[in-house]
Amino acid sequence: MSANIIKNTPLRALPMQQLMALAALVILYAFFAVFGNHFLSPSTFVSILDSSYYIGFLAIGMTFVIITAGIDLSSGTVMVGSALVGGVAYNVWDLPIAVALLIVLATGIAFGIGNGVLVGFLHIPPFIATLGMQFASLGLCAVIAQVQTQTYPSLTSEDGWFKTVLYKAGDLPVGIVWLAAFFVIAWFILTRTKLGRYTYAIGSNEEAVELSGVVVSRWKFWVYVLNGFFCGLAGIIYAATFSSITPQTGNGQEMYAIAACVIGGTSLAGGVGSLWGTIIGVFVISVLKTGLLSMGLPVQWQQVLIGVVVVLAVLLDVIRTRRAGRA
């Protein structure tokens, strides 16, 4: 029975909720095209792509975590904290920018290992473990940076080559190419590997998976390490996008990633979700943020409306879960 659970749970897609998210994306885009100022301009389209990069990387990693019925409240601070440490490596330790970027990635993975140990091996509830890691990453990275703003080289400087490679080459938003490439890699892992199958199975019925002889703690550990890897990648993209980074800028970024997952149909109850839905959710948020700015509304309205969208998505998930339980 347990083996069947592992075998049959991996590709439980949610086509209906993904279609609803896609429909919401089209409706939002059409709404802002009519009521926004110059929303259909090429520059606005590029702005939508720009605002999706680092949130997209965070959301990809978060999808794996949420499918296991977990959560990561530290991903936003880990992303910015990793970028801060990389900034220290470049500005203070005087390391080459390529080495500094590798340190950004390594820092994200290190925090992912920390979360994996706490959740996987010490069995601390993900909400508590990652909340603690949120404060720890924010504090530790601020200490390393001595609570100072860290700067990265400008696009026109000699060391600014990485911005051209990772973020924007002239007017071309090359960051979307990197997001697409890592999306394909993550999709392959989630749908074609043992880690992906166990990710779905653990979220569906952890006890049954444990009884089948699978070491759940070990696979949970690797899910959080993978999430840390994507947080590190998001940190690199964040450094390529912004030249100045302060410790406080990471607060709340993880909520956009969680929102993208939920909007795209990933269930907070675990066991259900897809990366396709998550990417649609990322662009729903990007269109919403850019569209509200085009209408001249204050930034605070972005948070209000994104919160409303998330609540509606969670409500749909709750209704679907209850119906599935009755079936």
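Trainee: Which residues does T290 touch, leaving out those up to four places away in sequence?

Mentor: T290 touches F39, T44, S47, I48 and S51, where contact means heavy atoms within 4.5 Å. This is a predicted model, so local features need pLDDT of at least 70 and side-chain atom pairs pLDDT 80 or more, while totals for chains, interfaces and linings use all residues. Residues are numbered from 1 along each chain as its sequence is written, and side-chain values use heavy atoms, leaving out hydrogens and water.

Trainee: Why does T290 count as buried?

Mentor: Buried means under 20% relative accessible area, exposed over 50%, and partly exposed in between (1.4 Å probe, protein chains only). T290 has 11%, so it's buried.

Trainee: And why is M295 called partly exposed?

Mentor: Its relative accessible area is 31%, so M295 falls in the in-between class. You'll find M295 in the loop between α14 (275-294) and α15; helices here are DSSP runs of H or I, at least four residues, numbered from the N terminus.

Trainee: Which helix gives the most to the nonpolar patch?

Mentor: That's α15, with seven residues. The patch covers about 1100 Å², and its members include F31, M295 and W301. Both α2 (15-35) and α15 (299-326) supply at least two residues.

Trainee: What does I245 contact, leaving aside neighbours within four places in sequence?

Mentor: Among its contacts are V80, L84, Y152 and Y238. I245 is also one of the residues with the most contacts inside the largest nonpolar core, which has 94 residues. Helix α12 (residues 216-241) gives the most to this core, with 14 residues.

Methods. Patches are made of residues with over 30% relative accessible area and no salt bridge: like charges are joined within 9 Å, nonpolar side chains (Val, Leu, Ile, Met, Phe, Trp, Tyr) within 5 Å. Accessible areas come from the Shrake-Rupley method with a 1.4 Å probe; for residues, only the protein chains shown count as cover. A salt bridge is a side-chain nitrogen of Lys or Arg within 4 Å of a carboxyl oxygen of Asp or Glu. A nonpolar core is a set of buried Ala, Val, Leu, Ile, Met, Phe, Trp, Tyr and Cys residues joined through side-chain atoms within 4.5 Å.
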